Amino acid sequence: MPGEKKDKKKDKGANEVTKCIYMFPNGDKYDGECIQTEGDSVERTGHGVHTTVLGIVYDGMWENDKMNGKGKLTHASGAEYEGEFVNNQFHGVGKYVWPNGSFYQGQFVENRMEGQGEFTDTEGQVWIGNFHYKAAPGLKFKLAMS
């Protein structure tokens, strides 16, 4: 029903989710949903965009003032990660693209490629298998037949 979203409350009860723009002392900027906590501080929650002075942009979900849920993190270098976050880390299913265009798509655990995934190199060749951070023993080449 129209108007119900205006009264959206966080599970804790008294903190109402509102739209805010917050400038950090270091020049970073947050534009999105937030709550004002009991101590009068602002906490990012819901969807928002955080942009750093170094050109790093996170556009996605926040919970407990941390990147939690689905989102996209783009670095000034052109590298980007899109997928699931838990407590400010790549965690779950996601895709990391390096500036040269190669990419990994699969499982992440605490910012590391960990588990089943596919790596596509700059020539478009695909390697599949189990990844363990920087090691990936037993990868298989995925042959594309025309």
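A disulfide is a pair of cysteine sulfur atoms within 2.5 Å. The legends below describe close-up views of a predicted model.

**View 1. One disulfide is found in the whole structure.** The bond joins C20 and C34. Their sulfur atoms lie 2.2 Å apart, which means the pair falls within the 2.5 Å limit. C20 sits in strand β1, and C34 belongs to strand β2 (residues 29-36). The two cysteines are 14 residues apart, so the link is between distant parts of the chain. Both C20 and C34 are buried.

**View 2. Eleven strands make up an open, antiparallel sheet.** The strand order is β1-β2-β3-β4-β5-β6-β7-β8-β9-β10-β11. The edges are taken by β1 (18-23) and β11 (140-142). Each edge strand has a single partner, so one side of each lacks a neighbour in the sheet. On average, neighbouring strands of this sheet are turned by 15 degrees against each other, direction ignored.

**View 3. Strands β4 and β5 form a hairpin.** β4 covers residues 57-63 and β5 residues 66-74. The two strands run antiparallel and are joined by six bridges. V57 faces T74 of β5 across the pair. Further along, G60 stands opposite G71, also in β5. Two residues separate the strands. In the turn, N64 has a positive phi of about 55 degrees.

**View 4. Strands β5 and β6 form a hairpin with five residues between them.** β6 spans residues 80-86 and runs antiparallel to β5. Six bridges connect β5 and β6. T74 has E80 as its bridge partner in β6. G78, in the turn between β5 and β6, has a positive phi of about 105 degrees.

**View 5. The second largest pocket has a volume of about 160 Å³.** Its lining consists of H75, F90, Y96, W98, F108, N111, R112, M113, Y133 and K134. Two elements, β7 (89-97) and β9 (112-120), each give two or more residues to this lining. By residue class, the lining holds six nonpolar, two polar and two charged residues. Arg and Lys count as charged, so R112 and K134 are the charged pair in this lining.

Note on methods:
Residues are numbered from 1 along each chain as its sequence is written. This is a predicted model: local features need pLDDT of at least 70, side-chain atom pairs count only at pLDDT 80 or more; totals for chains, interfaces and linings use all residues. Side-chain values use heavy atoms; hydrogens and water are left out. Two strands pair if DSSP finds at least two bridges between them. Helices (H or I, at least four residues) and strands (E, at least two) are DSSP runs, numbered from the N terminus. Axes are lines fitted to C-alpha atoms, for helices over the stretch in contact, and angles run from 0 to 180 degrees between N-to-C directions. Buried means under 20% relative accessible area, exposed over 50%, partly exposed in between (1.4 Å probe, protein chains only). On a 1 Å grid over the protein atoms alone, a cavity is a set of points where a 1.4 Å probe fits but cannot get out, and a pocket is an open set with protein on both sides within 12 Å along at least five of seven lines; lining residues have an atom within 4 Å of a point. Grid points are joined across faces, edges and corners, and a volume is the space filled by probe spheres set on the points.
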